[in-house]
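Hello,

Here is the structure I promised to pass on. Please open it first, then read the notes below.

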Amino acid sequence: MMDDNGTSSDQVIHRLVEMGFENSIVKEAVEEVGPSFDVAVEYILNSSHRDNRDVSSRTQTFRSSRKNLGKRSLPSQHSADLMRQSSILDHFQSAGGQKRSRTKAVPTILDSQSMGSPCPGEECTDSSPSMNCNTKTIQESSPIHCLQEDFKSDWEEKVGIIMQKHFGYSSLKNFQKEALSAWLAHKDCLVLAATGSGKSLCFQIPAIISGKVVVVISPLISLMHDQCLKLSKHGVSACFLGSGQLDRSLEHKALRGLYSIIYVCPETVLRLIKPLQTLAENRGIALFGIDEVHCVSKWGHGFRPDYRKLSVLRENFSASNLKFLKYDIPLMALTATATVRVRDDILISLCMSKETRVVLTSFFRSNLRFSVRHSRTSSSSSYEKDFHQLIDVYTRRRTVHKKENTNSKEMDSHGGIVKADVFPPCVLDNSENGCSDIDDDNDDDDENSLKHKESTASEGQEMSVDYLENEIDIFQSTNDWDVACGEFCGESPSKDMDICGSSELIDPPNKLEERLKLLQEPLECGSTIIYVPTRKETLSIAKYLCRFGVKAAAYNASLPKTHLRRVHKEFHEDVLQVIVATVAFGMGIDKLNVRRIIHYGWPQSLEAYYQEAGRAGRDGKLADCILYANLSRIPSLLPTQRSEDQTKQAYKMLADCFRYGMSTSVCRAKILVEYFGEDFSHEKCLLCDVCVNGPPEIKNVKEELNILMQVIAAYHGRSGLTDGCYDGEASSDTRRRQFIEKPNLRMFISKIREQSQTYLATDTLWWRGLARILEGKEFITEGDDKIHVQIKYPKPTKLGLEFLQFENDQTFNVYPEADMLLSLNKSRSYSTFADWGKGWADPDIRRQRLERMGSNRKPRKPRQPRNRQSRKRNQDLGTARGRIQAKLLKQKQ
Ligand SMILES: Nc1ncnc2c1ncn2[C@@H]1O[C@H](COP(=O)(O)OP(=O)(O)OP(=O)(O)O)[C@@H](O)[C@H]1O
Ligand SMILES: [Mg+2]
């Protein structure tokens, strides 16, 4: 049956059930009054009044409140002429009214002016002074005194009932309350809350309680897919649209209002502005949720130009533009990884209202154990060294389980790997954490153990190498991410549904005792995500792990959609143990038992790193976030398509990452949290490698500091301590000129080696670390216009020069950074040049060697160039070999 507007009985039933009415009552009402939403509501409420004495006062309250409100009386006819935006609170009342017996009268001050936010909780702490747009932060804007307490408790209680019904949670978190109260007050809202804190609920609840549609803009299809799947389990209908959507009818259905939540990528929403306006007029749009909103800003990570165009939402869905709206449709923007600069950019770029509420919680995830380890991350010998523990975790579990099951001979259908009920403890050995893990020479032992394992390991999932591409996944367009096209009709949440979320689990144990308790916990097996920079590595590492019996799979945008869909599903179902992925997987993905996030190679930014690390420990239990990076190399992974501005920003972000990896004395969580502009109130996380192992032994580097500063200052003609020491005898003119024009750090280091026997064999890595420390102390600064990951053309600052001139015997104690430790602990040089090569690069050593070669040894007959031309080319090219040959030939003559 259809009403005049073409609404079917099923649609009305669906909508009423979503509002929280009992299925049987709804069916009865629709059978009685036909497919009219408003009349059915009235019927239900009146029949409640008839049927139940307890609820009579509730119904009365509902009616009287409407009356007092003077907004609109409960309609008994079709609602085409209603102002949809003003009906949000009506739905609260009807939904709540159905569920509870309550005698308290609902206060009548419900207009947006009086709708302040509830008491700001301890999670909403910031009123970032740098927020512009006259944005009101929670503290400033909470007119708690204006809000009648009765009403405040009332709506929360009603939402609580709906939450319990749909999601199984008993209460909202404080920041969720803040966001919802902003929405209730028809205000825009920017939610900045930690990964895994529950931001999605902030835009999902309005869809359930208002009976209108919520449109969510999301950057990744995998994320949309993830959320739709979850919502359908919770009885909420949702779908996602995208350019890869094969089912055209789905878009049509969604735009007719058949789904409570529509997920779209920014490109699609821009295309659908007109039909969405029609949707707003018919069923109504409660809210635009802009998830992962940091993608708006080119100062953040994962910048998506189309996200920036979302400013059209404000313009096209405002009350001034659409006459049927009473209020602008609110925007709710959400992210877990936005620096202060990015936040400002979001507010401006999206044209968010000057009244925007900023809800800010702590970014600290106290159950995440961060650590950094040195690895070359490039070859299978590195895999052997770095992944043997991981392989142990999964294969030991398998072995134990196999033993337990030998008699019963129970095997599952997945290559003999059976899900264990109890995971054996697999606490990582702390002595191997962090920067003390700098010895690469212990590969042999690991190799043996792994070789043995390999021979005994049974089948894993072999990965195809058909898709080997050494490309980097960066955000180009959502097309790349289409892994499934789906429509997710809400199933009624089943009674025995596995409800895992509870505030006790997810709320970070910020109290010291609770964090200390985490330290005692063994790390469960759970799932692992390994993030790698290139697509090729996803395949090679997944393949490597499979060889040892780990259920691993690769995930990158170039793989077939069917494969990606399967991987996604099997990961969630715990069939797969490890996913080796590029950035194409992860943002927003919510799986409770991810125990390990391994970054294998430098990430592009700390934002991306923290975002990806945030996939771990979403059940509140201990989880590891390990960064394996080549500490002897400067990271250089940049987005392929970038403007000049973006290049600068990309370098800056890499530099921040690099400093994070190099740090040996500051708590990792502190660095990460402070990076997002938050004061880290805990001093230490107590879990990370730095907190557990403590900083390295302090070193007095006064002498080295003096010499480096002197050389730098001398070349900049500032110190007067030396005459510039261009002892150019050995230096070629070109080299000297180059040095004078643009003296770089490497040249300064070689100058130091030239001038002092003590430092002749010192390593570039060590000096590089010292230069970074001096830059941190503001003794030197970058002399180049470009931004470099590591200071490249150092020049002294005023402070540095003052320090030099201030003669004293004081020590200059520093904690050696990771690259300095690396160089101190290695017998072999870590410099780009091996000792032999370094010698040739050094003019003094080169001269000495040439002399030695000329006098002591009979010079080897230089290999005759094939012809004069090639000899000439060698000389012209000025190659080392060419120069040597020329010199030797000259001596011979
Ligand atoms: N009020 C609540 N009480 C208990 N659990 C909750 C509550 N709200 C949300 N959760 C749970 O928190 C988990 C994380 O939620 P969600 O995916 O929304 O996090 P998020 O903040 O969006 O994280 P990310 O930034 O990584 O996307 C979910 O499993 C969800 O069920
Ligand atoms: Mg999210």
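**Leucine 180**

At 1% relative accessibility, leucine 180 counts as buried. Please keep in mind that this is a predicted model. Leucine 180 belongs to helix α8, which covers residues 174–184. Which residues does leucine 180 touch, leaving aside those up to four places away in sequence? They are Trp155, Val159, Leu172, Cys202, Ile205 and Pro206. Take isoleucine 205 from that list. Leucine 180 and isoleucine 205 are 25 residues apart along the chain, and 8.2 Å separates their C-alpha atoms.

**The whole protein**

Now the wider view. The protein has 893 residues, and 58% of them count as buried. There are 36 helices and 19 strands. Consider the contacts between residues at least 6 apart in sequence. Of these, 77% join residues at least 24 apart.

Helix α23 runs over residues 606–613. Buried or exposed? For α23, 8 of the 8 residues are buried, so the helix is largely enclosed by the rest of the structure. The residues are Leu606, Glu607, Ala608, Tyr609, Tyr610, Gln611, Glu612 and Ala613.

What do the buried residues of α23 pack against? The partners include four strands by name: β9 (368–374), β11 (527–531), β14 (594–600) and β15 (623–629). Helices α24 (644–662) and α25 (668–675) are also on the list.

Aspartate 619 sits in the loop between α23 and β15. Its relative accessibility is 9%, so aspartate 619 counts as buried; the cut-off is under 20%. Aspartate 619 and leucine 592 are 27 residues apart along the chain. Their C-alpha atoms are separated by 4.9 Å.

**Helix α27**

Helix α27 takes in residues 702–715, 14 residues in total. From its first C-alpha to its last, α27 reaches 20 Å. That is close to the 20 Å expected at 1.5 Å a residue.

In α27, 11 of the 14 residues are buried, so this helix is largely enclosed by the rest of the structure. Among the buried residues are Leu705, Ile707, Leu708, Met709, Val711 and Ile712. Lys702 and Glu704 are buried too. Just after α27 comes glycine 717, with a positive phi of about 60°.

**Two helix pairs that share α30**

Helix α30 covers residues 764–776. Look at its pairing with α32 (residues 818–825) first. The two helices pack at an angle of about 155°, and their axes are 8 Å apart. Angles over 145 degrees count as roughly antiparallel, so α30 is roughly antiparallel to α32. Their crossing is left-handed. From α30, the contact uses Leu765, Trp766, Arg768, Gly769, Leu770, Arg772 and Ile773. From α32, it uses Asp819, Met820, Leu822, Ser823 and Leu824. The residues of this contact divide into 7 nonpolar, 2 polar and 3 charged.

The other pairing is with α29, residues 745–755. The axes of α29 and α30 come within 10 Å and cross at roughly 120°. Leu745, Arg746, Ile749, Ile752 and Arg753 of α29 make the contact with Thr764, Trp767, Arg768 and Ala771 of α30. Those residues divide into 5 nonpolar, 1 polar and 3 charged. Arg768 of α30 is in the contact with α32 and also in the contact with α29.

**Two loop residues with positive phi**

Two more places to look at. Cysteine 351 lies in the loop between α16 (340–349) and β8 (357–360). Its phi is near 50°, a positive value in a residue other than glycine. With 40% relative accessibility, cysteine 351 counts as partly exposed.

Aspartate 574 lies in the loop between α22 (561–572) and β13 (578–581). What is the phi of aspartate 574? It is near 65°, a positive value, and again the residue is other than glycine. Aspartate 574 has a relative accessible area of 30% and is partly exposed.

Best wishes

Definitions and conventions
Residues are numbered from 1 along each chain as its sequence is written. Chains are lettered from A and ligands numbered from 1 in the order in which they are written. This is a predicted model: local features need pLDDT of at least 70, side-chain atom pairs count only at pLDDT 80 or more; totals for chains, interfaces and linings use all residues. Side-chain values use heavy atoms; hydrogens and water are left out. Axes are lines fitted to C-alpha atoms, for helices over the stretch in contact, and angles run from 0 to 180 degrees between N-to-C directions. Angles under 35 degrees count as roughly parallel, over 145 as roughly antiparallel, 65 to 115 as roughly perpendicular and the rest as oblique. A crossing is left-handed if the near helix is turned anticlockwise from the far one by less than a right angle, and right-handed if clockwise. Contact means heavy atoms within 4.5 Å. Ala, Val, Leu, Ile, Met, Phe, Trp, Tyr, Cys and Pro count as nonpolar, Asp, Glu, Lys and Arg as charged, and the others, Gly among them, as polar. The expected span of a helix is 1.5 Å times one less than its number of residues. Buried means under 20% relative accessible area, exposed over 50%, partly exposed in between (1.4 Å probe, protein chains only).
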